[in-house]
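Thanks for coming. Please have a look at the model on the screen, and then I will go through a few parts of it.

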Amino acid sequence: MIASIAMFNTYSGNYEDSVEAVQLKGAFLATAEDIVTSYLGFDPKQQEYSDVVTSGSGSRRLYLPSRNITSVGALTVGTADMDTTQVKTYDDYISFIDHATKFPIGEDNIRLSYTAGWEIEQMPSVIVVSILRIATLMLSETGGNIGLTGKSFADNSRTFVNYSNYRKYLQPLDSMRILGF
């Protein structure tokens, strides 16, 4: 998991450590991570992608459905194996170093293996905090206040917050999203 139970305890201020509470917190974190991953359009954890088939667009850039691309292990364009030392990785795309070679137009004409994502210790804080915020909202729902919570103030006023819509908590991730593919 991207966020640990210890991080969740600190963030939420809930240090209950019974077996059931820890299992429930783990479920909240896993669900929040799934929500964030789905919203981003890619899994942010570092992993190797093998035999990915994609289509060339005739441009110098080949966009991939991942972020923080760190290496290309194999690349085949059409039926020709390409030298991966001639490929440069960027955040969400790769290109050839020579600036002249393009990925030819075609459907499913490129096959590659690559590594992308972040190690857990290097995960962007906006992703970690978004997971913790959503998991904490789920934890607050366990008190019976499903989808609505209130706060009382000294002047006897009260404000209510609807938190069943996670869009507000996912919005900081907008710059990292991958919308196509």
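I will start with a term: a polar contact here is a pair of N or O atoms within 3.5 Å, and within protein one of them must be able to donate a hydrogen and the other to accept it. Please keep in mind that this is a predicted model.

The term applies to Ser 66 and Tyr 114, whose side chains are joined by a polar contact of 2.9 Å. Where is Ser 66 found? It sits in the loop between strand S2, residues 61-63, and strand S3, residues 69-77. Is Ser 66 buried or exposed? Its relative accessibility is 1%, so Ser 66 counts as buried, the cut-off for buried being under 20%. Leaving aside neighbours within four places in sequence, the residues in contact with Ser 66 include Phe 42, Tyr 49, Asp 91 and Ile 178.

Next, the sheet. Strands of a sheet pair through backbone hydrogen bonds, either parallel or antiparallel. In this model there is an open sheet of four strands, in the order S1-S7-S3-S4, and the pairing is antiparallel. Strand S1 (47-56) and strand S4 (80-81) are the edge strands, each pairing on one side only. Between S1 and strand S7, residues 106-116, there are seven bridges. One example is Val 52, whose bridge partner in S7 is Leu 112.

Last, two helices. The axes of helix H2, residues 19-40, and helix H3, residues 125-141, come within 8 Å and cross at roughly 130°. H2 and H3 are therefore oblique to each other, and the crossing is right-handed. Among the residues that meet there are Phe 28 and Leu 40 in H2, and Ile 127 and Met 138 in H3.

Conventions:
Residues are numbered from 1 along each chain as its sequence is written. This is a predicted model: local features need pLDDT of at least 70, side-chain atom pairs count only at pLDDT 80 or more; totals for chains, interfaces and linings use all residues. Side-chain values use heavy atoms; hydrogens and water are left out. Two strands pair if DSSP finds at least two bridges between them. Buried means under 20% relative accessible area, exposed over 50%, partly exposed in between (1.4 Å probe, protein chains only). Contact means heavy atoms within 4.5 Å. Axes are lines fitted to C-alpha atoms, for helices over the stretch in contact, and angles run from 0 to 180 degrees between N-to-C directions. Angles under 35 degrees count as roughly parallel, over 145 as roughly antiparallel, 65 to 115 as roughly perpendicular and the rest as oblique. A crossing is left-handed if the near helix is turned anticlockwise from the far one by less than a right angle, and right-handed if clockwise.
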